[in-house]
Amino acid sequence: MKKIHTNIFKDKSCFLSAGDTVLLTGEIYTARDQAHKKLVDLLSSGRKLPLDITGKIIYYCGPTATPKGKVIGSCGPTTSRRMDKFVEPLLANGLVAMIGKGRRAPDVIKAVKKYQAVYLLAPAGCGALLAERVTAKELIAFKELGPEAIYKLTVDDFPLIVGVDSSGRDIYDKIYFK
Amino acid sequence: MKLSDKLEKNTYLLTTQAGIVLRADVVKALANAYTMEKNVKAANAFKNIIDNSICAVEQRLAICQDTGMPIVFIEVGKGIKVDGAMVEAVKKGVFAAYRDNFFRPSLVDPLKRRKPSYIGEIPVYVEFTKKSGIKLSVLLKGFGSENKTKLYMLNPTDTVDEIIDVVVDAVREAGPESCPPFFLGIGIGGTSDKCLYLAKKALLAKMGNERHGSLAYDIMKKVNKLAIGPMGMGGDFTCLGVNVKTASTHIAGLPVGVNINCHALRSASLRFDV
């Protein structure tokens with residue numbers, strides 16, 4: 001199991017291979033359906049994004065409300081496929097990694113290879129367990145979306161599996177599409 | 001206590017329980033799979049799922065951040081005076097439980113899609129039975145799996161094997177992203193709407209209690225050959241339980257509804273006298 005820091009993605013992601021298990025420490029940004037739509041709409045109309053996504057990692061997640069005295073509520077991954085159509089413009093603008101659950105479209109896998117990015121899998125349906133690995137949560141953009149807003153999460157040893165690596169290898173090629 | 005107050009209070013308790021405490025039959029199925037699974041990556045995924053269920057109770061957190069679409073089933077028994085206020089009462093109970101337990105507001109207008117709320121037009125099904133008292137059930141249905149729901153309008157001459165094949169197709173398509181291993185609610189017969197209702201309702205009963213001869217077992221056996229496994233990591237467990245419900249259908253048809261549920265099958269039921 002590799003322990004890695006989010007800073008390392010700014011330089012390269014090619015040290016990861018599909019199937020690797022990693023513990024990620026650093027900062028990640030939540031964004032799911034509506035936030036993706038807004039980000040890509042802003043990009044296509046040539047406007048500035050509310051956050052610089054260069055070198056950043058997006059986590060497909062909409063957490064529950066935060067219980068009193070806690071940093072965050074349950075915060076597991078949501079289905080990545082619904083975000084497939086928004087991936088290419090975000091990678092073209094500097095996004096380096098995505099965290100979610102499940103398969104990606106062939107176009108996304110090609111884009112991950114083209115931009116030398118990486119797609120990571122978080123333990124699906126384990127939102128309470130993952131909440132323990134989040135040490136800070138800060139609202140960044142699109143407050144009006146509630147749980148679908150963009151939050152910066154500081155994570156400590158967030159357990160992940162590499163789904164698609166920067167060579168375009170897909171974990172589900174080996175396991176599932178036999 | 002007035003009936004509507006009783007309904008509100010019990011719905012509140014059931015919603016809270018369903019969202020935080022995993023069902024006993026679900027825990028048992030997960031523990032069994034974890035013990036039996038030889039594939040290391042799949043076994044590790046099972047360990048996370050089991051640890052998560054313990055963590056949820058200890059920390060009083062939702063089992064999953066997708067606290068789902070709440071669906072309420074009210075079965076009204078003999079001799080009970082019903083009132084339109086019953087439906088409002090259970091909704092009140094559900095919404096209060098979402099608020100107090102910090103469950104995720106996930107309800108939106110389907111077209112406007114503005115800020116999500118925990119208040120909305122949730123499905124509340126009322127049925128009348130000959131039994132005594134009221135049976136109240138709450139199902140929190142996550143949409144990662146709900147999105148994979150299938151309705152097949154088969155031909156009346158299609159065989160049981162063909163029914164099993166379409167269920168397998170549905171699970172194959174659901175794949176690793178809908179949080180396998182799954183629990184399957186299968187509805188057979190009725191009309192298109194009734195069939196999907198049966199499939200949903202089949203998820204409420206203890207898994208394996210509604211087998212229809214060997215059908216539930218045969219479905220499970222064939223689905224498990226897909227070897228999707230937890231998080232899509234493969235292994236022997238793609239499906240952990242199947243319940244089948246049937247109803248009369250028309251001579252021209254054979255509706256088959258498949259309601260796929262993720263590994264966090266979250267429901268709670270209670271029967272009480274009025």
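How many residues of chain A are in contact with chain B, and how many of chain B with chain A? It's 37 residues of chain A and 35 residues of chain B, where contact means that C-beta atoms, placed from the backbone, lie within 7 Å. This is a predicted model, so local features need pLDDT of at least 70, side-chain atom pairs count only at pLDDT 80 or more, and totals for chains, interfaces and linings use all residues. Residues are numbered from 1 along each chain as its sequence is written, while chains are lettered from A and ligands numbered from 1 in the order in which they are written.

**Confidence**
- The model scores ipTM 0.94 and pTM 0.95.
- Chain B has a mean pLDDT of 97 (pLDDT is the predictor's confidence in each residue, from 0 to 100).

**Helix α6 of chain B**
- Helices here are DSSP runs of H or I with at least four residues, numbered from the N terminus.
- Ile163(B), Val167(B), Ala170(B), Val171(B) and Ala174(B) are its buried residues (20 or more other C-beta atoms within 10 Å of their own; exposed means 12 or fewer).
- Just after the helix, Gly175(B) takes a positive phi of about 60 degrees.

Notes: Contact = placed C-beta atoms within 7 Å. Helix = DSSP H or I, 4+ residues; strand = E, 2+ residues; numbered from the N terminus.
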